[in-house]
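Work through the exercises below with the sequence and the structure open. Try each task before reading its solution.

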Amino acid sequence: MEAIEAWFLAFYRDTGINLTIIYDGFDRARFLEGVGNTVLLSMVCLVCSVLIGIVGAWMQGSPRAWVRWLAQVYVQFFRNTPPLVQLYFFFFGLGPLFVITVEQQVGQMTFAREMPLLTSFHWAVISLSLFAGAFNVEIFRSGIEAVPRATVEAADALGMSRLQIYGNVVLPLAFRICLPALNNNLVNLVKTTTLAYAIAVPELLYQSNQIWSDSVNVPEMMVVLLFLYVGLVGVLVTGMQRWERAMRLPGFGQ
Amino acid sequence: MPADRPTAAAAWTPDRPIVHIDDVHKSFGSVEVLKGVSLDVMKGDVVCIIGPSGSGKSTLLRCINALVDIQRGSITVEGQEVHDPGLDKRLLRRKVGMVFQQYNLFPHKTALQNIMMAPIKVLKQPRGEVEDRARRLIAKVRLSGKEDAYPGELSGGQQQRVAIARSLAMNPDVMLFDEVTAALDPETVKEVLVTIRELAEEGMTCMLVTHEMGFAREIADHIYFTDRGVIVEHGPPATFFTEAKDPRTKEFLGQIL
């Protein structure tokens, strides 16, 4: 490790290319924290947005008009507004409403202080999940509508309930049909996590900004950022492709 | 009123029709597909419904397990009114099995899983017991060795036999066959018909909509000829094919025989 650090320090002296995130312990820790937060934020939002998509698509097919209407309002609202505005709305608009009062003792005096109930990370999870979820609802709907009616009818004729049919027949087939579109949206979601920068979530972009402000190595960090996102999204895409292949069925959708 | 229902079902005895259809009317929009159809099926009977396309045969079959609702008339299965709005359709569908023209297997499940799904999910039967039964059914429809094949890997005839086994796994009292050989290659039609014939010989109550006149003649206890939403003529096959009286029946039989 020390040899590597020494090499990159020498590399900086010889070439002027300053990669503090490798040879400087403090910058490295900040950077790794950023990577960790971006990965965590992406994974949590990924799972939440898919769940939202599944529930929303189920609501869109409800026999009750008001349930369908609710799903539709949600999709329109979150699909048709900019994600940065949504993030601000949640963090600055709703954030101040979600506070708890804690008593704080300073010497003889007791102060009542308002503390935020949710951190900026929490708000980012909520906001980005709802944003990506709105697209997922529409993506799942396209998959669900492509499931042959006759297949559903067969399940119906076997006495299965609507929920059983949805879980055991419709969703597994719809998933396979809409996976390519889902992949696209999830890739977009990972990239959109950089917006959390705006509400000071210490994710990759935010931490990099801290680093380049202190170490004055802006071009280096830009290149690092770009390649890191290529790598992160590459892992996701490879995983999804594997999944797509594993789910492929002989004689279906070909 | 709801208190009468169990009584009505309990009052059914095998000497009364297992399927009783009385003056059934059905319209899709302004098109009247069934214009007062009545027929009775006794337990163990094999009934074939024949007739030109668009005569309402398939619709009639689909009314029996409430896949299609009716506007007027009455259908009872084992004494239970099918179109009672308070009836849990899932209970009805356990008694009435249905096989479709396009097989409609679940493409993401193997042959065995296709058969096991409904008994496990709907009847909540233990998996091991259901699997034993499913394997026996696969053997019964002569598909041993294909348990783990996906529908996409099976021929049409094989898929249709899996579909029959899937219905049988629910232990229905009545089986409905909706043009089950119409989408098959001529050489695979026979294997499906053999399976149906065995079922009929075992005493299963069967209602078939079919274009296989030879098969209908051989297997049916009773043949109904429908045209433009009504039953034009019916009778046992021995007399139906040779002594048809109505000109429409004669014309139809003349075209296909």
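The exercises that follow concern a predicted model.

**Exercise 1. Describe how helix H6 and helix H8 of chain A pack against each other.**

Step 1. Take the geometry. The axes of H6(A), residues 120-146, and H8(A), residues 162-192, come within 8 Å and cross at roughly 150 degrees.

Step 2. Classify the angle. Angles over 145 degrees count as roughly antiparallel, so H6(A) is roughly antiparallel to H8(A). The crossing is right-handed.

Step 3. List the contacts. From H6(A) the residues include A:Leu128, A:Phe135, A:Ile139 and A:Phe140, and the residues they meet in H8(A) include A:Val170, A:Phe175, A:Ile177 and A:Leu189.

Step 4. Sort by class. This contact has 15 nonpolar residues, five polar and no charged.

**Exercise 2. Decide whether A:Ser120 is buried or exposed, and find what it touches.**

Step 1. Count neighbours. A:Ser120 has 20 C-beta neighbours inside 10 Å and therefore counts as buried. The cut-off for buried is 20 or more.

Step 2. Look beyond residues up to four places away in sequence: A:Ser120 touches A:Phe91, A:Ile199, A:Ala200 and A:Val201. For A:Phe92, the separation from A:Ser120 is 28 residues in sequence and 9.9 Å in space, C-alpha to C-alpha.

**Exercise 3. Trace the open sheet of four strands in chain B and state which strands stand at its edges.**

Step 1. The order is S2-S1-S4-S5, and the pairing is antiparallel.

Step 2. S2(B), residues 31-41, and S5(B), residues 80-81, each have a single partner strand, so one side of each is left without a neighbour in the sheet. These two are the edge strands.

Step 3. Check one pair. S1(B), residues 19-28, joins S2(B) in the antiparallel sense over eight bridges. B:His20 stands opposite B:Asp40 in S2(B).

**Exercise 4. Trace the open sheet of six strands in chain B and find a helix that packs on it.**

Step 1. The strands run in the order S6-S7-S8-S3-S9-S10, with mixed pairing. S6(B), residues 96-99, and S10(B), residues 230-235, are at the edges and pair on one side only. From one strand to the next the twist averages 20 degrees.

Step 2. S6(B) and S7(B), residues 174-178, run parallel and are joined by four bridges. B:Val99 has B:Phe177 as its bridge partner in S7(B).

Step 3. Helix H6 of chain B, residues 156-168, packs on the sheet and touches S6 and S7; its direction makes about 170 degrees with that of S6(B).

**Exercise 5. Account for the contact between chain A and chain B.**

Step 1. Chain B contributes 21 residues and chain A 19 residues.

Step 2. On the chain B side, helix H3 (89-95) and helix H4 (111-121) each supply at least two residues.

Step 3. By class, the chain B side has eleven nonpolar, five polar and five charged residues.

How values were computed
Residues are numbered from 1 along each chain as its sequence is written. Chains are lettered from A and ligands numbered from 1 in the order in which they are written. This is a predicted model: local features need pLDDT of at least 70, side-chain atom pairs count only at pLDDT 80 or more; totals for chains, interfaces and linings use all residues. Two residues are in contact if their C-beta atoms, placed from the backbone, lie within 7 Å. Ala, Val, Leu, Ile, Met, Phe, Trp, Tyr, Cys and Pro count as nonpolar, Asp, Glu, Lys and Arg as charged, and the others, Gly among them, as polar. Axes are lines fitted to C-alpha atoms, for helices over the stretch in contact, and angles run from 0 to 180 degrees between N-to-C directions. Angles under 35 degrees count as roughly parallel, over 145 as roughly antiparallel, 65 to 115 as roughly perpendicular and the rest as oblique. A crossing is left-handed if the near helix is turned anticlockwise from the far one by less than a right angle, and right-handed if clockwise. Two strands pair if DSSP finds at least two bridges between them. A residue is buried if 20 or more other C-beta atoms lie within 10 Å of its own, exposed if 12 or fewer, and partly exposed in between; C-beta atoms are placed from the backbone.
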